[in-house]
Amino acid sequence: MKYSSKLFIYIISGLIFLSSFLGMIYYGYKTFHIEEEAIVQREYTYHFALISEESDNKYWHMIERGASEFAAEHNIYLEYVAPQKADNDQLLKLLDRMISARVDGIITQGVEGRRFVDLAHKGLDRRIPIITIDTDIKSSARKAYVGTDNFQAGQLAGQTIIENTTGEQYVGIVTGRFEAINQQERIAGFKDAIKSSDRIHIVGVKESNITQIGAAQATYSLLKEHPEINALVGTSALDGIGIVEGLHEIVPNKNVYITAFDILPETIQLIEEGKIDATIAQYPEEMGYKAMEVMVELQSNDLLETQFFTETKIITKEEIEKLPWGEQK
Ligand code: BGC
C-alpha cells in the first residue's frame with residue numbers, strides 16, 4: 001500500500017475513534033446528569049398512599065386533587081391506588097400491599113369488617129399511620145378520620161324532604177353499596193330525621209353499585225315495585241344523575257322530588273335545569289388536602305383530636321343562583 005493511502009486510513013480511523021470517544025464522553029455525561037436529576041427528584045420528604053373506593057370515580061378524583069395539591073406544596077410523593085371497580089376485597093389487598101411496601105402513611109376509605117381492623121393493627125405495629133377518609137371505621141386502630149359526618153349528612157337529606165314537600169311522601173332510596181358504612185350511616189341519618197314527620201315513608205332501598213347506570217336501573221326497579229313513589233333520594237355521588245336518567249326513561253312526566261348527594265358538575269347542572277331539587281354537598285378536595293395535613297402531623301406526633309369533619313350542606317337551585325359558584329373548583 002502506498003504511503004499516502006496508509007496515512008489516509010490512519011487519519012480516518014483516528015477521526016472515527018476521536019468522534020466515538022467524544023460521543024461517549026458527551027452521552028455518558030448526559031446519562032449521569034439525567035440520573036442525578038432523577039435521583040434528586042426522587043428525594044421526597046414522605047411517601048404516602050391514598051386508597052380510594054374505585055379508581056376512575058369523579059368524586060375520588062376530587063379527593064385525589066386536594067391531596068395532590070398538598071403533596072406538591074410539601075414535596076411529598078403521593079401514590080394513588082384503587083380497585084378498578086368498587087370491591088372491598090381488592091381494596092383490602094391494596095391496603096395490605098401498601099403496608100408491606102412500608103410507605104410513610106396510608107389514607108384510605110374505611111371498609112367494614114374484621115380484615116380492615118386487623119390491617120389497621122398491622123399498620124400500627126409497623127408504625128405506619130392509617131387515616132380513614134370519606135368513610136370511617138371508628139373501631140379500628142386508624143389514627144384519624146377526615147371527611148363528612150355521614151349520619152348528619154343523611155339527616156340533612158331527610159330535612160330537605162321535610163322542608164320542601166307537602167303531603168304524603170313515598171320515598172325510594174338509591175344507595176351506593178349496602179356494604180359501605182358511609183351509605184349505611186347516611187340512610188340511618190335520613191331515617192332519624194324523618195322520624196319527626198308522619199307523612200314521609202321509605203318504601204324501598206336499592207343499590208346502584210356507585211355507578212350512574214346502576215342508579216338508573218335501581219330507579220327503574222323501585223318504580224316498578226312501588227309506583228306510588230313520589231320522592232327519590234340518592235346517597236352517593238352518581239346516584240342523583242342516574243335517578244334522573246332512569247326517570248326520564250320510564251316516567252318522564254312524573255313529578256318526583258329528587259335529593260342527590262355531592263356537587264359533581266353534572267349534578268349542579270341538573271339542579272339548574274330543575275331536574276334535581278337538592279343535593280347534599282360534600283367537599284372532597286378539602287378532605288384530600290386536610291387528610292394529608294393530618295398525616296404529616298402524625299409523622300411526628302399522635303393527635304388529641306381524631307375526627308376531622310369537613311363541611312356538608314344542602315344545595316338547592318336558589319343557593320346556586322345566590323352564590324358565585326366559586327366553591328367548586
Ligand atoms: C361517597 C363515596 C362514594 C362516592 C361514589 C360519595 O358520595 O362519599 O363513598 O365512593 O360517592 O361515587
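**Pocket, cavities and ligand**

Mentor: The lining of the largest pocket consists of Val 244, Leu 247, His 248, Val 251, Pro 252, Lys 254, Asn 255, Val 256, Ile 258, Gly 274 and Lys 275. On a 1 Å grid over the protein atoms alone, a pocket is an open set of points with protein on both sides within 12 Å along at least five of seven lines, a cavity is a set where a 1.4 Å probe fits but cannot get out, and lining residues have an atom within 4 Å of a point. The model is predicted, so local features need pLDDT of at least 70 and side-chain atom pairs pLDDT 80 or more, while totals for chains, interfaces and linings use all residues. Residues are numbered from 1 along each chain as its sequence is written, and side-chain values use heavy atoms, with hydrogens and water left out.

Trainee: Which helix gives the most to the lining of the largest pocket?
Mentor: Helices here are DSSP runs of H or I with at least four residues, numbered from the N terminus. With three residues, the leading contributor to this lining is helix 8 (residues 239-250).

Trainee: Where does the ligand sit?
Mentor: A molecule sits in a cavity or pocket if more than half of its atoms lie within 2 Å of its grid points. By that criterion, the ligand is placed in the largest cavity.

Trainee: How much space lies in the largest cavity?
Mentor: A volume is the space filled by probe spheres set on the grid points, which are joined across faces, edges and corners. The search of the whole structure returns two cavities of 30 Å³ or more. For the largest cavity, the space is about 150 Å³.

Trainee: Which helix gives the most to the lining of the largest cavity?
Mentor: This cavity has 17 lining residues, with Glu 53, Tyr 59, Ile 210, Ser 236 and Ala 237 nearest its centre. The elements giving two or more residues are helix 2 and helix 6. Supplying three residues, the main contributor is helix 6.

Trainee: How far is an N or O atom in the side chain of Asp 262 from an oxygen atom of the ligand?
Mentor: A polar contact is a pair of N or O atoms within 3.5 Å. For Asp 262, the distance is 2.5 Å.

Trainee: How much space lies in the second largest cavity?
Mentor: Its lining includes Asn 88, Gln 109 and Arg 177. The space in the second largest cavity is about 40 Å³.

Definitions and conventions:
A polar contact is a pair of N or O atoms within 3.5 Å; within protein, one must be able to donate a hydrogen and the other to accept it, and residues adjacent in sequence count only if both atoms are side-chain atoms.
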